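User: I would like to go through this structure and hear the grounds for each label. Please set every value against its definition.

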Amino acid sequence: GKAKKADAPLLVTSSMDGMVRLWDISDGVKKGEIDCGHCDDMIQMDGSRKRLPVVSMAVNPKDNTVITGDDIGQIRVHSMQEAIYQNVSLHVKVHQAADIAAADSNGYSDPYAKVTVGDAHHSTA
């Protein structure tokens with residue numbers, strides 16, 4: 001399917017830490033970030049690879065993607081929309097509970113709330 005365009009104009013920046021960041025031009029708020037995944041070919045003693053900086057970048061507004069490159073010739077394509085959705089968070093605060101049945105052997109309960117959003121499941125326990 002065709003990629004949905006971002007709601008507000010974005011400033012897209014790349015960095016020596018291998019990240020691309022998306023900024024809302026109207027208020028300067030970071031809307032998302034992309035770990036570009038550029039790594040050196042050499043495996044370190046601990047099994048990791050050295051992260052490489054993003055040294056070139058292009059934005060394709062037609063399909064809402066960012067194309068990044070590093071200094072050893074790797075090129076990667078990233079979805080800006082996915083980066084924006086990853087930056088969204090939901091905060092839930094449980095204020096009160098009532099009429100909770102005593103479920104423990106001591107006659108009390110240790111209540112908790114379960115929250116499900118999409119495929120994500122969280123609990124206050």
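User: What stands opposite Lys114 in E10?

Analyst: Lys114 stands opposite Ser123 in E10. Strands here (E, at least two residues) and helices (H or I, at least four) are DSSP runs, numbered from the N terminus. This is a predicted model, in which local features need pLDDT of at least 70, side-chain atom pairs count only at pLDDT 80 or more, and totals for chains, interfaces and linings use all residues. Residues are numbered from 1 along each chain as its sequence is written, and side-chain values use heavy atoms, with hydrogens and water left out.

User: What makes strand E9 and strand E10 a pair?

Analyst: Two strands pair if DSSP finds at least two bridges between them. E9 (residues 114-117) and E10 (residues 120-123) have 4 bridges, in the antiparallel sense, so they meet the definition. Their hairpin has 2 residues between the strands, and Gly118 takes a positive phi near 60° there.

User: How many bridges join strand E6 and E7?

Analyst: Strand E6 (residues 56-60) and E7 pair over 5 bridges, again antiparallel. The hairpin of E6 and E7 has 4 residues between the strands, with Asn64 at a positive phi near 60°.

User: Why is Arg21 called buried?

Analyst: Buried means under 20% relative accessible area, exposed over 50%, and partly exposed in between (1.4 Å probe, protein chains only). Arg21 has 18% relative accessibility, so Arg21 counts as buried. Arg21 lies in strand E2 (residues 19-24).

User: What makes the link between the side chains of Arg21 and Glu33 a polar contact?

Analyst: The term covers a pair of N or O atoms within 3.5 Å; within protein, one must be able to donate a hydrogen and the other to accept it, and residues adjacent in sequence count only if both atoms are side-chain atoms. The side chains of Arg21 and Glu33 are joined at 3.3 Å. Contact in general means heavy atoms within 4.5 Å. Not counting residues up to four places away in sequence, Arg21 touches Leu11, Val12, Thr13, Ser15, Lys30, Gly32 and Glu33.

User: Is Ile75 buried or exposed?

Analyst: Ile75 has 64% relative accessibility, so Ile75 counts as exposed. Ile75 is in strand E8 (residues 75-79). Leaving aside neighbours within four places in sequence, Ile75 is in contact with His38, Ile67, Thr68 and Gly69. Ile75 and Ser56 are 19 residues apart in sequence, and 9.1 Å apart in space from C-alpha to C-alpha.

User: How do you know how many disulfides the structure holds?

Analyst: A disulfide is a pair of cysteine sulfur atoms within 2.5 Å. The structure holds 0 disulfides. As for individual cysteines, Cys36 counts as buried because its relative accessibility is 2%, whereas Cys39, with a relative accessible area of 25%, is partly exposed.

User: Where in the chain is confidence lowest, and where highest?

Analyst: pLDDT is the predictor's confidence in each residue, from 0 to 100. Confidence is lowest in helix H1 (residues 80-86), at a mean of 78, and highest in strand E7 (residues 65-69), at 93. Over residues 1-5 the pLDDT is below 50, and this stretch has 10 contacts in the model beyond near neighbours in sequence. The chain averages 82, and 89% of the residues score at least 70.

User: What pattern does the chain follow along the sequence?

Analyst: The pattern is β-β-β-β-β-β-β-β-α-β-β, with 1 helix and 10 strands. Of the 125 residues, 21% count as buried.
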